[in-house]
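Colleague: I'm new to this one. Could you show me how to read it?

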Amino acid sequence: MSTNPYQFSLRTSRVPGDVLDDVAARPLPGIAVAERGTHYLVLRPLSRHRFGSDLAAGAAVVIVMAVLIATAWNVVLISALPLAILPAIPLLLDRRRPDLAVSAVADDSGGTRVTVHGEASEELAAAVDAYLGALPDAPRVDEQPDQVASTG
């Protein structure tokens, strides 16, 4: 799957929870919500089984234990201990994962700051752009507060 770096940020008047609910509910072909937090969610391609760091660590532990048990039979087998690094190789080679993180946080001016960052396919980037482009803008807040005249 071909991916490109994707970054986008905007302010909207929508509530942060509603923004994340809308993104999560949006039908995206082949994409699902992989992780959901209070102020963020992570979109990832659907797959039957994803080899991740948890499986790599488990496989490494199994290899280490097998080698250590085998050394009871022959001490020379301890030289096979570096084989425990093999499960990490696919993770080291997988640099461009098509993961896209969306965060929505309320800011001090009453709006919501929406930030999207990660790697996205062209279809996913187009779908996210369409949704973000349809969000209502947050009202502008003047940089300098109004001066209040005092009477005295």
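Modeller: Let's go from the overall fold to single residues. This is a predicted model, where local features need pLDDT of at least 70 and side-chain atom pairs count only at pLDDT 80 or more, while totals for chains, interfaces and linings use all residues. Residues are numbered from 1 along each chain as its sequence is written, and side-chain values use heavy atoms, with hydrogens and water left out.

Colleague: How many helices and strands does the protein have?

Modeller: Helices (H or I, at least four residues) and strands (E, at least two) are DSSP runs, numbered from the N terminus. Here there are 4 helices and 5 strands, and along the sequence they follow the pattern β-α-β-β-α-α-β-β-α.

Colleague: What percentage of the residues is buried?

Modeller: Buried means under 20% relative accessible area, exposed means over 50%, and partly exposed is in between (1.4 Å probe, protein chains only). Of the 152 residues in the protein, 28% are buried.

Colleague: Which residues have the most contacts inside the largest nonpolar core?

Modeller: A nonpolar core is a set of buried Ala, Val, Leu, Ile, Met, Phe, Trp, Tyr and Cys residues joined through side-chain atoms within 4.5 Å. The largest one has 22 residues, and Leu-43 and Leu-132 have the most contacts inside it. Two or more residues each come from β1 (4–12), α1 (16–25), β3 (40–45), β4 (100–106), β5 (112–120) and α4 (122–134). The largest share, 6 residues, is from α4.

Colleague: What does Leu-132 touch?

Modeller: Contact means heavy atoms within 4.5 Å. Leaving out residues up to four places away in sequence, Leu-132 touches Tyr-6, Phe-8, Leu-10, Val-114 and Val-116.

Colleague: Which residues of α4 are buried?

Modeller: They are Leu-124, Ala-125, Ala-127, Val-128, Tyr-131 and Leu-132. Those residues sit on the same side of α4 because they cover an arc of only 165° around the axis; the arc is that of the directions from the helix axis to the C-beta atoms. On the other side of α4, Glu-122, Glu-123, Gly-133 and Ala-134 are exposed. Cover for the buried residues of α4 includes β1, α1, β2 (31–36), β3, β4 and β5.

Colleague: How far does helix α2 reach from its first C-alpha to its last?

Modeller: You can compare a helix with its expected span, 1.5 Å times one less than its number of residues. Helix α2 (residues 53–70) has 18 residues and reaches 25 Å, close to the 26 Å expected. Its buried residues are Ala-56, Ala-60 and Val-67. These cover an arc of only 35° around the axis, so they are on the same side of α2. They pack against α3 (89–93). Over on the other side of α2, Asp-54, Val-61, Val-62 and Ile-69 are exposed.

Colleague: And Ser-53, buried or exposed?

Modeller: Ser-53, which is in helix α2, is exposed, with a relative accessible area of 55%. Its C-alpha is separated by 9.8 Å from that of Pro-90, 37 residues apart along the chain.

Colleague: Is Thr-112 buried or exposed?

Modeller: Thr-112 lies in strand β5 and is buried, with a relative accessible area of 2%. Not counting residues up to four places away in sequence, its contacts include Leu-10, Val-15, Pro-16 and Ala-104. A polar atom of the Thr-112 side chain lies 2.5 Å from the backbone oxygen of Arg-14.

Definitions and conventions:
Polar contact = N/O pair within 3.5 Å; in protein donor to acceptor, adjacent residues only side chain to side chain.
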